[in-house]
Amino acid sequence: RMEQSIEDSRKAVDLDPEYLMARNNLALALIADRQAEKGLEEYTKMLAMTDDPQDLDETAVGDLMEARAQYPDIPEFQTAIELVVARITELDDEED
């Protein structure tokens, strides 16, 4: 099931590399599949693509919180949350 999710998400990213939800889904699936380094790389790419903190809040934070609750033994979900929150804070600071 996770392999299918990764494959589908990769296809969506290939079709539209700037589609944040597809990249978010790919990152989530990779981390859940114990490919944390690749998943965190996808989050890093996604974070670099957006300058709208609301996009990140709507796209990533809720999904990551759910994933962290579902997979409490995978600490990289917390790492990803910290990356996303740091980027949201950075973007909010730029707006001020």
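**Figure 1. Arg34 in the loop between α2 and α3.** Arg34 is found in the loop that joins α2 (20-32) to α3 (36-49) in this predicted model. Its phi is positive, at about 65°, although the residue is not a glycine. Most residues other than glycine have a negative phi. The side chain belongs to the exposed class because the relative accessibility of Arg34 is 54%, where the cut-off for exposed is over 50%.

**Figure 2. Overall view of the protein chain.** The protein chain has five helices and zero strands, and the pattern read along the sequence is α-α-α-α-α. A compact globule of 96 residues would have a radius of gyration near 12 Å, and the 13 Å of the protein chain therefore agrees with that expectation. Along the principal axes, the C-alpha atoms fill a box of roughly 45 × 30 × 20 Å. Of the 96 residues in the protein chain, 39% are buried. When contacts between residues at least 6 apart in sequence are considered, 56% join residues at least 24 apart.

**Figure 3. Surface and charge of the protein chain.** The protein chain exposes about 5800 Å², of which carbon and sulfur atoms supply 47%. Its side chains include 9 positive and 26 negative ones. The centres of these two sets lie 9 Å apart.

**Figure 4. The aromatic pair of Tyr71 and Phe77.** One aromatic pair is found in a search of the whole structure. This pair consists of Tyr71 and Phe77, is stacked, and has a distance of 5.8 Å centre to centre with 25° between the planes. The two partners can be described by their accessibility. Phe77 counts as buried because its relative accessible area is 0%. Tyr71 has a relative accessibility of 22% and so counts as partly exposed; the cut-off for buried is under 20%. Both residues also take part in contacts shown in other views: Phe77 is touched by Arg68, and Tyr71 is in contact with Met2.

Figure 5. Arg68 lies in helix α4, which spans residues 53-70. The residue is partly exposed because its relative accessibility is 32%. When residues up to four places away in sequence are not counted, Arg68 touches Phe77, Gln78 and Ile81. Phe77, one of these partners, also belongs to the stacked pair with Tyr71. Arg68 and Ile31 are separated by 37 residues in sequence, and their C-alpha atoms are 10 Å apart in space.

**Figure 6. Met2 in helix α1.** Met2 is found in helix α1, which covers residues 2-15. With a relative accessible area of 24%, Met2 is partly exposed. Neighbours within four places in sequence aside, Met2 is in contact with Ala29, Ala32, Asp33 and Tyr71. The C-alpha atoms of Met2 and Leu30 are separated by 8.2 Å, although the two residues are 28 residues apart along the chain.

**Figure 7. Glu42, a buried acidic residue in helix α3.** Glu42 lies in helix α3 and counts among the negative side chains. Its relative accessibility of 8% places Glu42 in the buried class, for which the cut-off is under 20%.

**Figure 8. Asp52 in the loop between α3 and α4.** Asp52 lies in the loop between α3 and α4 (53-70). The residue is partly exposed because its relative accessibility is 29%. Between the C-alpha atoms of Asp52 and Lys11 there is a separation of 24 Å, and along the chain these residues are 41 residues apart.

**Figure 9. Glu82 in helix α5.** Glu82 is found in helix α5, which comprises residues 76-95. Its relative accessible area is 47%, so Glu82 is partly exposed; the cut-off for exposed is over 50%. Glu82 and Gln70 are twelve residues apart along the chain, and their C-alpha atoms are separated by 17 Å.

Terms used: Residues numbered from 1 in each chain as written. Predicted model: local features only at pLDDT ≥ 70, side-chain atom pairs only at ≥ 80, totals over all residues. Heavy atoms only, no water. Helix = DSSP H or I, 4+ residues; strand = E, 2+ residues; numbered from the N terminus. Rg over C-alpha atoms; globule rule 2.2 N^0.38 Å. Buried < 20%, exposed > 50% of the residue type's maximum accessible area, 1.4 Å probe, protein only. Contact = heavy atoms within 4.5 Å. Areas by Shrake-Rupley, 256 points an atom, 1.4 Å probe, with all protein chains shown as cover. Charge placed at Lys NZ, Arg CZ, Asp CG, Glu CD. Phe/Tyr/Trp six-rings, centres within 6.5 Å; stacked < 30°, edge-to-face > 60°.
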